[in-house]
Amino acid sequence: MNLKEIILKSLTESTLQVFSTMLGVDIACSEAAPETGVPEANEGVVSFIGVAGSWAGTGSVSCSPALACRICAAMLMCEAPAVNEDVLDAVAELTNMIIGSVKTELELTLGPLGLSIPTVVYGRNFKTKSAGTTDWVVVRFHWDDEQLVVKLCLEPKEEAAHVLFHTSSTQSCALEV
């Protein structure tokens, strides 16, 4: 299994597990695909978390304001009629749990990794970009008629790329990018 397949599997399993365990909800995975280039303009809530170590990148969770409120209501077991601080905190925590689980899984292959504190953006007609890469592994989920997008971009740091691509083929086959 190559690295993108590992990331895809981990993003899918982690998201399904977090929703099931923490929110008591079964969501459906609808699409998984790579994404290249600069994404289109966003509208809604987007949460980012940095990944660092011998590999570095960004994890992201995005959804509509209505789904963000629904996530908050399920997490905190209280109504969230509009996007407010609690809603943004709930989406940040959801991102931390999902990408934190992915990080733990990736450490088995890539070695120790760290996470930053999540950053959440809410608004209309904004674009986001992660410096250094335009290749994302993207998984789309549906909770009834609402869509949740979970994605991760990850690149080796220069010294990790040197080690990765200059080892024997039997050692590096599991880490193809």
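Predicted model: local features only at pLDDT ≥ 70, side-chain atom pairs only at ≥ 80, totals over all residues.
Figure 1. The side chain of Arg70 meets that of Asp144 in a salt bridge, 2.6 Å from N to O. The pair ties together distant parts of the chain, 74 residues apart: Arg70 sits in helix H2 (residues 65-76), while Asp144 sits in the loop between strand S6 (136-143) and strand S7 (146-156). Asp144 itself is exposed, at 59% relative accessible area. To count as a salt bridge, a side-chain nitrogen of Lys or Arg has to lie within 4 Å of a carboxyl oxygen of Asp or Glu. By that rule the count comes to three salt bridges, and the other views show the rest.

Figure 2. Lys103 counts as buried at 17% relative accessibility, whereas Glu107 counts as partly exposed at 25%.

**Figure 3. Lys9 and Glu13 in helix H1.** Glu13 forms a salt bridge with Lys9, and their closest N and O atoms are 3.1 Å apart.

**Figure 4. Helix H1 from end to end.** H1 covers residues 3-23, which makes 21 residues, and it reaches 29 Å from its first C-alpha to its last, close to the 30 Å expected at 1.5 Å a residue. (The expected span is 1.5 Å times one less than the number of residues.) Asn2 caps the N-terminal end, with a side-chain oxygen 3.0 Å from the backbone nitrogen of Lys4. Buried residues of H1 include Leu3, Ile7, Leu11, Val18 and Phe19. After H1 comes Gly24, with a positive phi near 65°.

**Figure 5. Pro81 in a loop.** Look for Pro81 in the loop between H2 and H3. Pro81 is exposed, with a relative accessible area of 77%. Pro65 is 16 residues away from Pro81 in sequence and 9.9 Å away in space, C-alpha to C-alpha.

**Figure 6. Zooming out to the whole chain.** The chain has five helices and seven strands, in the order α-β-β-β-α-α-β-β-β-β-α-α along the sequence. Helices (H or I, at least four residues) and strands (E, at least two) are DSSP runs, numbered from the N terminus. Of the 177 residues, 43% are buried. Among contacts (heavy atoms within 4.5 Å) with a separation of 6 or more, 72% join residues 24 or more positions apart.

**Reading notes.** Residues are numbered from 1 along each chain as its sequence is written, and side-chain values use heavy atoms, with hydrogens and water left out. Local features need pLDDT of at least 70 and side-chain atom pairs count only at pLDDT 80 or more, while totals for chains, interfaces and linings use all residues.

Methods:
Buried < 20%, exposed > 50% of the residue type's maximum accessible area, 1.4 Å probe, protein only. Polar contact = N/O pair within 3.5 Å; in protein donor to acceptor, adjacent residues only side chain to side chain.
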